[in-house]
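Biologist: Could you walk me through reading aromatic pairs and burial in a model like this?

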Amino acid sequence: MLQRCLDMLAPALQRPGAVVVDCTLGLGGHSEALLERFPEARLVALDRDKEALRLSGERLAPFGERATLVHAVYDELPEVLDRLGIPEVDGVLFDLGVSSMQLDEADRGFAYAQDAPLDMRMDQTTGISAAEVLNTYPPGELVRILRAYGEEKQAKRIVSAIVRERDKEPFTNSARLVELIRDALPQAAKRTGGNPAKRTFQALRIEVNRELDSVEKAIPAAVKALAVGGRVVVLSYQSLEDRIVKGVFAAGAATTAPPGLPVVPEKYQPRLKLLTRGAELPTEEEVAENRRAAPARLRGVERIRKDVR
Ligand SMILES: C[S@@+](CC[C@H](N)C(=O)[O-])C[C@H]1O[C@@H](n2cnc3c(N)ncnc32)[C@H](O)[C@@H]1O
């Protein structure tokens, strides 16, 4: 869906000196494509993962000063722009979730298919690991997380097993958790939805990285940073993130006028225009090429008015 993201950002990024922010640099594929497609634009790119910054730094080195890479969480976008002396931006891209590099590097602990330390922190310099969540959270909190972030219907069953096992010996590695989930689930629940550990792993990852809190803060911050005519484009990979994005965009695209006004004054007019009808989905060819793209949802908005102070 990269092409579609670039096309959606294009009208905002043609002018010399346009600033585009890639909030999820990862391995730098999208950033590289932005720098190539918009030769007049300057890129600021953020990632919380130092290894991602190191690798993409090498990849983007040929672009010299056009690319500024920053180690930050994307909800720090306002502070990052402040530090760089950038008052407003023309485009912002989010490609949410984990990168293939994070999934493929077994020792990061994101993948349930390989045995690895239960870490799952995207930024390994800070925060608590998935093992600490499993070993220390009260059972009720674990059930809430599995239900809310993993949409796991068998949360209670899984958490009872976790609590029983962690009392014997704390969790350190993923294989023990995968096995425990497999044993805890009834046969019927194992027949659908792929690997039975998938939902629990997603839930732990979201909790460890406070992913939804971050998205909840970052999307409004990105919208706020936009110049008039500027655009925000978001690719999300699970319904909880997409729901937050949809809500922020829809609120910005609606009038805030009290009902019944014959003429809507400027201060109540929508700040945003939706660029996508609903969420755009990947094509069959895109999914055939890259299985991980299957759940992707793409949404975009354009700022059409300044905020009224
Ligand atoms: C799906 S990958 C992006 C891939 C990238 N578009 C590319 O072309 O390689 C998502 C990236 O966002 C980063 N990330 C996730 N949450 C973040 C946050 N709150 N702040 C900053 N970076 C974050 C992850 O570390 C990961 O590298």
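Biologist: Is Phe 94 buried or exposed, and what are the cut-offs?

Modeller: Buried means under 20% relative accessible area, exposed over 50%, and partly exposed in between (1.4 Å probe, protein chains only). Phe 94 counts as buried, because its relative accessibility is 0%. Tyr 74 is buried too, at 14%. Bear in mind that this is a predicted model, where local features need pLDDT of at least 70, side-chain atom pairs count only at pLDDT 80 or more, and totals for chains, interfaces and linings use all residues. Residues are numbered from 1 along each chain as its sequence is written, and side-chain values use heavy atoms, leaving out hydrogens and water.

Biologist: How many aromatic pairs are there, and how do I read one?

Modeller: You describe a pair of rings by the distance of the centres and the angle of the planes. Rings of Phe, Tyr and Trp (its six-membered ring) pair if their centres lie within 6.5 Å; planes under 30 degrees apart are stacked, over 60 edge-to-face, the rest tilted. This structure holds 2 such pairs. Tyr 74 and Phe 94 are edge-to-face, 5.3 Å centre to centre with 85 degrees between the planes.

Biologist: And which residues form the other one?

Modeller: Tyr 112 and Phe 201, also edge-to-face, at 5.7 Å and 85 degrees. Phe 201 is buried at 3% relative accessible area, while Tyr 112 is partly exposed at 27%.

Biologist: What sits over the ring of Phe 171?

Modeller: For that label, NZ of Lys or CZ of Arg must be within 6 Å of the ring centre and within 35 degrees of the ring normal. Here the charged end of Arg 176 does it, 4.3 Å from the centre of the Phe 171 ring.
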